[in-house]
Amino acid sequence: MSGHHHGPPAAASDSHDGPPQGVAAPKVSSFRLLATLFIAGAMAGIAVVIVYQITLPAIKKYAGAKIEGAVREVLRAPARWDTLYLAGDKLTRTPPAGVDIGEATKAFVGFDSAGQRTGVAIEAAEPGFQEEVHLMIGFNPADSAVTGYAVLDQKETPGLGDKIEKDTAFRRQFHGKVAPFTGTKTTTTDAHKVQTITGATISSRAVIRIINNAVALWLPRVRAFDQEGGK
Amino acid sequence: MTAPTVAAASQEELVPGAPPPAPLWFDVWRGIAKENPVLVQMLGMCPTMAVTNTLANGTAMGLATLFVLVGSGLFVSLFRKHIANEVRITSYILIIATFVTLADMILAATFPDISKALGPFIPLIVANCLLLGRAEAFAAKVGPVRAVADGLGMGLGFTVSLMALSALREILGSGSVFGINILGPRFEPWVFFVAPPGGFMALGILLLIKGAIMTRNARRAAEARA
C-alpha cells in the first residue's frame with residue numbers, strides 16, 4: 001500500500017521523509033493490536049458472564065432434579081427421605097463446616113409411610129468400558145439387599161454398553177440381589193448372581209463392581225451411624 | 001494522514017479474495033446445496049461422525065453449529081474494518097469461542113439431556129474448520145447481511161446433512177426416530193450403524209446417493225443441450 005501519489009501535491013516535503021513514512025504506514029501500531037484484542041476479550045467476557053448468570057439457575061435446578069429423581073427411583077418411591085452428610089468417615093445430620101452443601105458427599109435415607117427405614121441411597125463412580133460410570137445406588141442396610149440403581153452419567157458404547165442405563169430388564173434384576181454378588185452369562189434367580197448383557201460384559205461387570213464396592217464402603221458407615229443413635 | 005484513509009475507503013469494495021456479488025438467496029442456497037459443508041466440502045467430519053448416532057443428537061449439533069455460524073459471521077463482518085490483519089485469526093477464534101460457549105450454556109439450560117449426550121462435542125465446535133473457514137473466506141470480506149445469509153445457509157446445510165445421516169443411523173441402528181420405536185419389536189437393530197464404523201458406512205451411503213443424483217442431473221443437462 002504505497003500511497004505516495006495519493007498524497008496532497010502541496011506537501012512536497014513529504015517526499016523527503018517519504019521512505020520512513022512509507023515503511024511505517026502499512027504497519028499497524030502494537031498499541032492498536034493490543035487494544036483490538038483487549039476490547040474483543042472484554043466484550044466476549046461480558047457476553048459469557050451475562051449468559052452464564054441467566055442459564056445457571058436452570059442448570060442447577062436440572063442437576064438437583066436429576067439427583068432427586070434418582071433417589072426416588074432407587075429407594076422405590078419412599079414416603080420421605082433424610083439427607084445425611086459425610087464428615088471425615090462419619091455420617092452426620094448437619095453439613096460439615098467449611099464445605100459447600102452442593103459439594104458435600106451425601107447419603108439419602110428413605111422411609112415408608114409408617115416411618116420404617118426402607119433403604120439408603122448413595123452415589124458411586126468407577127471406570128466402566130470407556131469412562132467413569134456414575135451411579136446412584138439404593139440398598140437396605142438391614143440385609144445388604146440392593147433396592148435398585150440409576151445411572152447418573154455414563155459414556156459406554158451406544159447400543160451395547162449404554163444398556164446399563166437403557167435396558168430396564170437388566171436394571172430391574174438388581175432389585176433384591178444381596179451384595180456382594182457376581183455376574184453370570186445365563187438366566188438366574190440366585191440372589192448373589194446377576195445376568196450380564198450380551199456384548200456388554202465389561203459394562204455389566206462395572207455396574208456389579210461399583211455396587212459391591214459401594215455397599216461394602218457404606219454399610220459400616222450406616223451401621224456406625226445407627227449405633228451412635230442416628231445423630 | 002488523510003490520503004490513506006480516502007484510499008482505503010475507495011478500495012472498500014475491492015477486498016482481495018472477496019466472494020463475487022450474488023443475490024442474497026444464493027448466499028443462503030450455496031451452503032445448503034452447491035457447497036454443502038458435509039456432503040460437498042467434507043468439513044466438520046469430527047462431529048459428523050461422533051454425534052450422529054441419534055436424530056436428536058444430530059439435530060442439536062446442527063442447530064448449535066448454525067447458531068455459532070450466524071453469530072460469528074455477523075460479528076466478524078461488523079468488525080472487519082477494525083480488526084487488523086495481524087490479529088485477525090485471534091479475533092475470529094475469540095468471537096467463535098464466545099458463541100460456542102453461549103451455545104453450550106444455553107443448550108445445558110434448555111435441553112440438559114441432549115447437552116449431556118453431546119458432551120465435549122459442543123465445546124469442540126470451536127475447532128470445527130467450517131467456522132474459521134467461513135469467517136476468513138466470507139464473513140471478513142462482505143457486509144453483515146451477506147455474512148448472516150452465508151452463516152444461515154452453511155448452518156442449514158450442516159444441520160440437514162447431520163439430520164439425514166443421524167436419521168439413517170437411528171432407523172437402522174435402533175429402529176427408532178427421535179427415540180420413538182417405528183420398526184416394531186420384531187426388527188433386530190443393526191447396532192453396527194450406531195457404532196463408529198457404521199457412521200462411516202452411513203456417510204458413504206449418503207455420498208453415494210448424492211453422487212448418483214449429481215451424475216443424473218449432469219447427464220440430463222447434457223441431453224437437454226444436445
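This briefing covers chain B and the second largest pocket of the structure above. The model is predicted: local features need pLDDT of at least 70, side-chain atom pairs count only at pLDDT 80 or more, and totals for chains, interfaces and linings use all residues. Residues are numbered from 1 along each chain as its sequence is written, chains are lettered from A in the order in which they are written, and side-chain values use heavy atoms, without hydrogens and water.

**Chain B**

- Chain B holds nine helices and two strands, taken as DSSP runs (helices H or I, at least four residues; strands E, at least two) numbered from the N terminus.
- Along the sequence the order is α-α-α-α-α-α-α-α-β-β-α.
- The C-alpha atoms of chain B fill a box of roughly 80 × 60 × 25 Å along the principal axes.
- Of the 226 residues in chain B, 41% are buried (under 20% relative accessible area, 1.4 Å probe, protein chains only).

**Second largest pocket**

- About 1500 Å³ of space lies in this pocket, with volume being the space filled by probe spheres set on the grid points.
- A pocket is an open set of points on a 1 Å grid over the protein atoms alone, where a 1.4 Å probe fits, with protein on both sides within 12 Å along at least five of seven lines; lining residues have an atom within 4 Å of a point.
- The lining has 45 residues, and A:Pro158, A:Gly159, A:Asp162, A:Lys166 and B:Asn53 lie nearest the centre.
- Helix α6(B) gives the most to the lining, with five residues.

How values were computed. Buried means under 20% relative accessible area, exposed over 50%, partly exposed in between (1.4 Å probe, protein chains only).
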